[in-house]
Every structure is written in structure tokens, then in C-alpha cells.
Amino acid sequence: MGVAILTVTLGLLCILQFPVLLLAFIAPAIGALLNLIWFGVIIALVICGIAWSKPGLSLSPLLFVALWASAAIFSQGRLQASIDPKVWERPISPEASAQRTLIVKTWGGIDNKIVADGHVDRLVRLRLDSSSQTISRIKEVSLARGDACSIEEKRASPLLQNGGRSDECFRWRSLATIPDGLVIEQFYRVHVGNGGAGCCNETQARLRSGGQERQLFAWYQGQSYVLSYFPTFEFFPPSTRPWEIGFGITHPVRYGLDDIDARKMISAIYGVTPPYGSDSGGPVPLAKMTATETLDQALMLAGQPDFSPKSLAALLISARDEGIVDDRSIDVAASLTGRGSSNEGWTAVTDFAKGLTSDQTTLLLEKTLRRLETPGVCVECAASPSVVNPSLRDWKLRERLSNPDYVLERVRNSFVERHDLATWQYEGLLRIIISLGPQNYPAITHYVRSSVLPLIFLDDTLAYSSKAIAFVRGARERPTHEFGRLAAKLDLVRDSDLNEYMIKIWTRELKSLPQRHASPQTYAIAAKACERIARVSDPILRAQDFGVDCPVPKTYSQIHKDDPLAYSGRMPR
């Protein structure tokens, strides 16, 4: 009886809900109040058991604690058994310490002192774009002496000048490619400090040679939740190591290495104690590149799939503003379409297109179309999750093209007749088709509804799925006037696209049909949708919420006929 009372009390206290803002300000006070109630119940059971001469009631808290502690020990043991032994290791490779070029791809970098101390000859920092986490710059730091040092470089090297090495300086330069050497990269997958759970944060040491990388070793750090040995209430319990005492109902347990900071790994590789600090920043006197050098660097970087499209476009724009726009720069600009996360590639090439002449815009469009019409031209490219059309307004196609109607007809034909392209390519064709139409509201809405949407219905192959997804991601409004035709095409929609297709076209209109007094056509669409969902082969995909009630409920009239009280507002007697 006492164990049951404690279990129910703990359960009720656990399910209490509090506003997030309230927790943010007075979580300790709320936790103290809950603990007061919890311990009060425990003490009350002991007192009542003694007063009523019921030893079982008095001892029930001890039994509860014993059962709970057993479950907590089991929880700790299960976690211990699930951890890969390599997570606890702190390996160092002699092959790593022999490398004289260090490439750091992590936030904060490392102090230039590692170069000054002679552990490496070249320190290469890979700067990442904050949004896409792709490479935006490649900077190299090395030592120079004597006449090779400019006055500006010496001024920017106080570490050397203040250390009595007045004849030396740090020399910075931009690189177009990542050189061979030791690569250190840190991957954050779990927010250990903020209560995250999972495995594992990782810092890798890789050997790069001939553009290929081979992992030498890695350090790991993970975190998981286990039952505490005794239940208390703590909203933000501190983490512990395995088998240590923690607070709360559950608490986070850190496993693996305590610190996998990239600077700690680098310092350990080169035998430095204490470890080096982060990049101190400061002035970096890079020689200003000419327009030709800027374009050459853009051409070199364009061959790297993990380089930021935004940074590439910045180089092209810099060369363009200096008067250099040629076939090479336009080739690079066209290659940005479909690259990067979200609309990054298209946004980058549009920024470049803003400052082009009519002839240059014509050439850019031609090269872009060739890319969009070539199957398999870019395996890493992906369609944008959403498109705000007309997305190519700044290309000024109607204004700059000598025969825009001819181009529009070509693009329309490619969209309709090609069945072998990827979704991102159909998206690109739609961007051009819409940008060659009216640009102002509501004319553009009518144009999309009457001239663009019908194009997808002309496809009776499996390519319909890609075309339809490309369309709905860029549509300003749902095509409510074509629900019947869109439903008739459900069999052509791929399993992986079906959820997005259903939600973006019908949202939740196929739910609660009787309450909505839905039309017979809507019931028929819902029935067809349920039949299509039932044929999804992957159970995980099939379990998604498609925005439709399956099986389809009875119509309102049928419900009313079967049960006269349904929706009548009257209570049964």
C-alpha cells in the first residue's frame, strides 16, 4: 500500500506542467516545492505507520528506495554495456606528429604560436560559412624572415617581435585548394553542456594526401540519461560520470573523454603542455588580389563540392566589379545552381547576375539551361525546401533577352518532355518559366494557375512526382481548383514524396470530413489518398501524418441517418 502511494505521488508530481518562461526564472523554487511535497509524503507514511502500528507502512519508503535503486543500477549497467570501448580511448599517432602542415577545420582555430614554436611549417585554417557550414575561405600562416617580411607583416606579428625575433614575421595568404597534411576537424552532434543526449561528439585526425583523406584516430564524447539512485526533483540536473551519484528523477551521464577540444588534441599530438589557445585573430595583411587572380581562385575553388556557393559568388562579383566577366566566370556561376543548402546556390548566382549586361545574362541563362537539361550533372545537388517566386526577378530576363518568348517556349518544352531529370533541375526550369511571366501580383498568381500548373498534368510518368514537388514548393497558394486532377495523379507520386504532396496540397482538409460537411468529391479524394497511403512499402513512411483520416469516416448524412443524435446538440436520455 505504501509503495503504491509513493509511486502514484511521484508519478503525479512528474507529470505537472510548467510554462517554459516560469521554469527559466524560478526553476529552483519549483523544484524545492516539489521536493518538499515528495519528502513530506515519505515522512507522513513513516509517522502514520508508527502511529497506526502498521510496520509495513513505515517500512514502505525503504522498500520503494530499494526497488528504485535497483532499477537505477540496472540503468547504469545497461548504459555501460552499450558504450563502445573505443569511446574511452585517447589515441595519438606518430604518423600525425610527423606532419609539417596542419589543417584546422574547427571553430576557434589554434594560436599561431604552433608555427612560431616550429612544430609545423604551415598552419591552414578552413573558415566555414556560419549558415551552411561549407568552406568559405582557406587561409595559410607560415614563417618568413628578413627581406621576405614587409613592415605590415612584422607589425601584425607581435608574438614574434615581442619575443626577440625581430627579423621574423608571420605571413598570411589565401589558398585556392586544401593542401596535403594533417587535418583536425571537430564534429558537434550532442549539446553536452545543455542537457543533450546521444553519441557522440567527435574530434578526428585525418591524413590528407593527393586530395584524399584517411582517418588516423578520433576522440569521442557522449552523454545519456539514467535513473538517479534516489528520485528527487531537479529541472536542470548537473551531469556526472558513470556510476556517480546524480540528482533528479533522471540525470545526464557523460562518457568518453572529458575534453575533446581540437586544440587539446593538436597540443597532445605535438607534445605541447599546457595546450595552445585559440586563434587570437588580429590584423591579417593579405595582399589584395587582382581581378584576374580573384577569378583564378574562384575557378580553383569551384571544383570543390564542399565550398560555400556564397563565397564563390563573392569572388565572381569582385572580379565582375573590376571589369572581368568571361566564359569561365559564367561557367562557374551556372555551376552554383542547385548547390548548397536551401536556396544558397540560386541566391549566389542571382547576386552575380544582378550586375551583368544583356549579352552576359543571355550566356548565363544558356549555360544554366544546359546544366538543367543534363541528367546526372550534379549528384550532390538538391532541390530547395521552398522557393519564393519569381525567384529570378533580378535576372531581368524579359528586359535583357532579345527573344524571351522563344526561350520560354524552349524551357516549357524541356519541362514537359523530359522525364529523366532530378527534382532540383525541374525546380530550376520552373524558376525560369515563372520569371519569364508577369512579375507583379495578382498577374503572377493567375499566370501560375493558368499557364504553369497545367504543365505538370501533361506528365503521366514517374517524373510527375519530381515535377509536382518542385511546383508545390514554389507555389504562392494551394491549387484548390485542381484538387480532383491532383488526386488522380496520386499513383504517380513516389512514396518518399507522398507526405509532402498531401500536406502542401490539402493541408488538413481531408480530416474530420463529417464535421466539415465535406462534399462527395472530397470524400472520394480522401478514399483514394487512403488507398495510396496503404501501398507505401516503408512502415516508417507509412506511419507519417498525411493529413487525412484513414479509414475514411462516413458522410455526415450517413452518420445522421445511423444515429439521429449525431451532431444534433441533444443529449441522449
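Begin by selecting D394: this residue is partly exposed, because its relative accessible area of 32% falls between the 20% and 50% cut-offs. Keep in mind as you click around that this is a predicted model.

The side chains of K354 and D394 form a salt bridge, with N and O 3.8 Å apart. Follow the chain between them, since this pair ties together distant parts: K354 is in the loop between α12 (344-353) and α13 (358-372), while D394 lies in the loop between α13 and α14 (397-400), and 40 residues separate the two.

Stay on K354 and bring up D351. What do the side chains of K354 and D351 form? They meet in a salt bridge, N to O at 3.5 Å. Colour by accessibility if you like: K354 comes out as partly exposed at 42%, and D351 is partly exposed too, with a relative accessible area of 32%.

Next, jump along to R535 and show E531 with it. Here the closest N and O atoms of the salt bridge are 2.7 Å apart. R535 has 41% relative accessibility, so it counts as partly exposed, and E531, at 39%, is likewise partly exposed.

Methods:
Residues are numbered from 1 along each chain as its sequence is written. This is a predicted model: local features need pLDDT of at least 70, side-chain atom pairs count only at pLDDT 80 or more; totals for chains, interfaces and linings use all residues. Side-chain values use heavy atoms; hydrogens and water are left out. A salt bridge is a side-chain nitrogen of Lys or Arg within 4 Å of a carboxyl oxygen of Asp or Glu. Buried means under 20% relative accessible area, exposed over 50%, partly exposed in between (1.4 Å probe, protein chains only). Helices (H or I, at least four residues) and strands (E, at least two) are DSSP runs, numbered from the N terminus.
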